[in-house]
Amino acid sequence: MCRARHPRPLSYCCYITVVPRSEMGPRGGWIATSDARLSSWPYAVVHLGIDVMNTRKSLIWATTALVGSLAFASAAAAQSTGTTAVEVEEVVVSGQRGPRNIDGAIVAETVGKSRSTVTQEFIEAQAAGQTINEVLNLVPGMSFTNNDAYGSSGGNIRLHGFDGPRISQTFDGMPLNDSGNYSLYSNQQLDSELIGSASVNTGTTDVDSPTASASGGTINMSSIPVPTEFGGRIKGSLGDSDYRRVFAQLNTGEVGPFGTRAWLAYSDQSYDKYKGRGDLNKTQYNFKIFQPIRDNGDFVSLAGHWNRNRNNNYADLQLQRNADGSASLANGVTWNSDFDTNYTAPTYRNGQADVDGNSNRFWALRQNPSDTGNLRAQSRFTLRDNLIFTFDPSFQYTLATGGSGQFVLSETDRMIRGSKTTGGVDLNGDGDTLDNVRIHSTNVTHTQRYGISSSLIWKLSDTQTIRAAYTLDDARHRQTGLYGRIDFSNPTEPRFFDPFAGLRDDDHRIVNLDGYELRARDRLSYAILNQFAVEYAGRFLDDALRVNVGLRVPYFKREMNQNCYSQSKSSSVVCTTETAVKQTDGTYKVGTRSQSYIAPYSRDVKFDDVLPNVNVSWNFSGPHSVYASFAQSLTLPRTDNLYTVFFDAKGEITSPITAPEKTTTYDLGYRYQTGALIASANVWYTQFQNRIVSRYDQDLGVSFDSNVGDVKLYGFDSQVGWSPMEGLSLYATASYTDSEIANDYLDGTNLIKTGGKSLTETPDWTFGGRIQYETGPLQLGAQVKYTGERWVTDVNDLYTDAYTVVNADAKFDLGYFGYKHSSLALRVVNLFDEKYFGSISGATDSSKSTYAYRGAPRTIQATVTYAF
């Protein structure tokens with residue numbers, strides 16, 4: 001059978017066995033798909049010709065010539081093939097009524113923990129090329145500040161009070177957090193058209209989460225499946241700020257004797273900054289190959305991703321404190337303030353001591369380039385009728401900078417001279433060594449990262465499953481900061497020869513009199529995670545009660561190799577060939593410097609822990625269910641934490657090392673899920689231990705990151721999706737987050753009074769909503785996000801006002817004119833042009849300098865999609 005009676009025709013064709021719902025029992029086998037159009041289908045699916053582990057399973061693969069979507073959107077958003085296999089098994093056996101989602105904005109969840117999922121249907125309604133973290137901004141508990149309307153400038157995440165480095169984000173099970181500082185870079189992620197689903201776990205992890213930084217929860221993304229039919233699509237977008245984007249996807253369909261299929265995709269995006277001078281460019285290549293092995297769900301897939309960003313930065317805006325404690329723009333700063341647009345040509349004359357007197361704020365020398373790529377394989381093998389093995393290896397490549405580093409260097413600087421006492425290097429070619437010349441030096445990180453996520457799933461019975469999992473994350477983290485020359489061929493419009501400060505350009509590196517290539521840093525780290533996990537999943541009381549008990553045991557080692565001299569009790573280093581003289585205490589005096597330094601060294605640091613994860617769900621009456629979870633997670637100290645060193649009493653190199661941050665989260669929730677209504681609400685409480693901040697230690701005489709105490713966080717999240725009539729859907733969310741820092745702490749001799757205060761950049765209240773209406777070929781939508789007041793400073797004496805952003809979208813289906821799956825779309829970001837502060841750069845108190853980025857202004861974008 002290929003079709004069933006339905007208000008709108010179905011474009012799916014698969015051989016299935018169905019019976020009327022009226023003939024099913026109160027818990028009988030209705031399996032909903034990820035397509036909300038099946039929500040009112042009056043039949044129950046009981047078989048799709050797939051026999052998994054000798055048990056009849058019901059699985060629908062909804063496949064068009066354009067995009068195939070996994071039937072179980074909830075499971076598809078799981079972070080690994082192993083987790084997906086376990087969750088699909090639970091969902092399919094127990095059966096579930098009602099729609100799988102409502103217009104992709106909310107998905108019916110069955111796991112015993114708080115999780116929110118969006119699907120491609122909702123993602124497609126957002127601005128073309130938008131970062132997935134902005135798309136997830138409506139999810140309860142999450143607050144994301146996008147630094148421009150199109151997503152290439154990055155932004156900041158807060159999830160239940162935790163920032164990006166404390167949140168694990170995965171992509172087809174592969175970790176995306178930087179292996180050194182755990183940061184998330186939202187402008188380096190997969191094109192939104194290729195994300196099948198994305199889910200947010202607030203405060204919890206999956207048992208096989210491949211991460212050393214998940215104290216605040218996880219965000220998991222899954223790429224779209226590979227269609228079985230030949231086809232493709234081309235999308236072109238134009239918008240404000242001279243926005244231009246093209247996206248193309250080709251689906252091969254099944255080729256060859258084994259049904260191999262693939263999709264290939266390309267996108268190119270460029271636009272001007274909405275203020276100041278400069279532009280942002282992103283090019284991306286993606287592919288995915290899928291090979292089914294048998295008709296029992298076994299498969300092998302390989303996917304690849306390459307992303308190139310070349311972006312000019314926006315300037316952040318300095319803040320000042322008003323009488324009521326609120327933040328406003330500092331004197332002389334406007335909403336359109338940005339980097340300098342004029343550069344005074346430096347005058348260099350032979351025999352004269354000339355100085356480049358410009359600041360470091362010229363727009364063309366403020367860049368943030370990156371090249372990132374990965375290969376991701378996923379596989380599932382049925383070893384026996386009751387035994388499944390999954391294996392997901394990956395490789396990642398990263399070359400990126402920490403921003404625009406530049407300064408003025410004397411041609412006779414002591415680092416230029418090295419071991420020589422006289423002389424210099426003519427940096428500007430004027431024939432003398434008397435000048436001070438602007439040079440390029442920025443922190444560059446080159447990462448090569450290998451990963452494995454594997455599971456062995458043993459089905460003890462129809463209702464009992466045990467899983468053993470092993471995870472490897474092995475990252476080679478090379479950090480350099482070469483000194484490079486700047487191109488002054490046009491002296492009023494200088495440019496970098498190499499955006500990576502000479503790493504790719506040997507000809508323009510700065511070499512001192514000893515033949516040494518000058519650099520700001522030079523270190524090599526290996527971050528190695530070996531993690532073992534075990535999970536039990538059981539279903540009881542006719543599948544009404546589900547219990548999952550897991551244990552995650554990570555073993556983490558960081559091998560550190562410092563190739564420069566480290567200032568004792570400081571993170572400062574000197575990479576030089578100057579003469580170094582050893583002192584009686586084992587430290588060195590380097591050149592004419594008065595500070596004490598530690599010679600280049602190698603050292604290892606290790607961490608391990610045992611992290612339980614328990615969740616229970618109970619479907620106690622038809623659409624009603626409750627759930628509860630308990631989970632422990634941690635975030636390990638970052639690379640920079642560990643490179644601050646000194647000699648201990650035994651004469652060994654050590655650091656003011658910090659213990660890992662650790663969270664214990666309790667969660668209690670309720671769900672109501674019917675054919676037209678999906679709703680959930682939960683309350684949560686998190687104990688955040690060993691909070692890390694940067695402080696000055698009076699005894700050690702050094703500033704470094706250290707543990708300063710605990711934080712209590714609690715709140716509630718709620719969301720509801722309702723389709724009261726054909727073509728109309730409503731979605732709303734509300735969240736409340738409160739935090740209380742336990743202790744004050746000393747920063748040198750200054751007491752920082754944080755005890756009883758709240759975490760910064762975390763709104764107390766957030767509300768979100770979306771309305772969507774479809775009639776004939778026209779689809780209209782509008783969504784709103786309210787973000788409450790946020791503290792800017794640690795002592796809570798400065799805050800930003802609440803703000804509300806409204807977006808709108810409209811799409812016309814060209815299938816009305818015979819162009820199937822093609823459309824015209826118009827989308828508006830920040831419809832009412834709200835002026836607000838987005839990402840915040842705070843301080844301990846308002847007497848210090850504080851900054852914020854402007855939120856994106858009203859931006860209009862039009863997109864045409866042609867499918868074949």
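Is Tyr266 buried, exposed or partly exposed? With a relative accessible area of 31%, Tyr266 is partly exposed; here buried means under 20% relative accessible area, exposed over 50%, and partly exposed in between, with a 1.4 Å probe and protein chains only.

Before we look further, a word on the model. This is a predicted model, in which local features need pLDDT of at least 70 and side-chain atom pairs count only at pLDDT 80 or more, while totals for chains, interfaces and linings use all residues. Residues are numbered from 1 along each chain as its sequence is written, and side-chain values use heavy atoms, with hydrogens and water left out.

**Aromatic pairs**

A pair of aromatic rings is described by the distance of the centres and the angle of the planes. Rings of Phe, Tyr and Trp (its six-membered ring) pair if their centres lie within 6.5 Å; planes under 30 degrees apart count as stacked, over 60 as edge-to-face and the rest as tilted. The structure holds 32 aromatic pairs, and two of them are shown here.

| Pair | Centre distance | Plane angle | Type |
|---|---|---|---|
| Tyr150 and Tyr243 | 3.9 Å | 20° | stacked |
| Tyr266 and Tyr285 | 5.2 Å | 50° | tilted |

Tyr150 lies in the loop between β10 (142-146) and β11 (155-159), and Tyr243 in strand β18 (residues 243-252), so this pair ties together parts that are 93 residues apart in sequence. Strands (E, at least two residues) are DSSP runs, numbered from the N terminus. Tyr150 is buried at 3% relative accessibility, and Tyr243 is buried at 1%.

Tyr285 counts as partly exposed, at 43% relative accessibility.

Elsewhere, Phe716, Tyr736, Trp765, Phe767 and Tyr786 form one aromatic cluster.

**Charges over rings**

A charge sits over a ring if NZ of Lys or CZ of Arg is within 6 Å of the ring centre and within 35 degrees of the ring normal. Lys273 has its charged end over the ring of Tyr314, 5.3 Å from the centre. Arg376 lies over the face of Phe171, at 4.0 Å from the ring centre.

**A sheet of three strands**

The strands β10 and β11 return in an open sheet with the order β10-β11-β12 and antiparallel pairing; two strands pair if DSSP finds at least two bridges between them. β10 and β12 (162-163) stand at the edges with a single partner strand each, so one side of each has no neighbour in the sheet. Two bridges join β11 to the antiparallel β12, and Leu159 stands opposite Phe162 in β12.

Terms used
Helix = DSSP H or I, 4+ residues; strand = E, 2+ residues; numbered from the N terminus.
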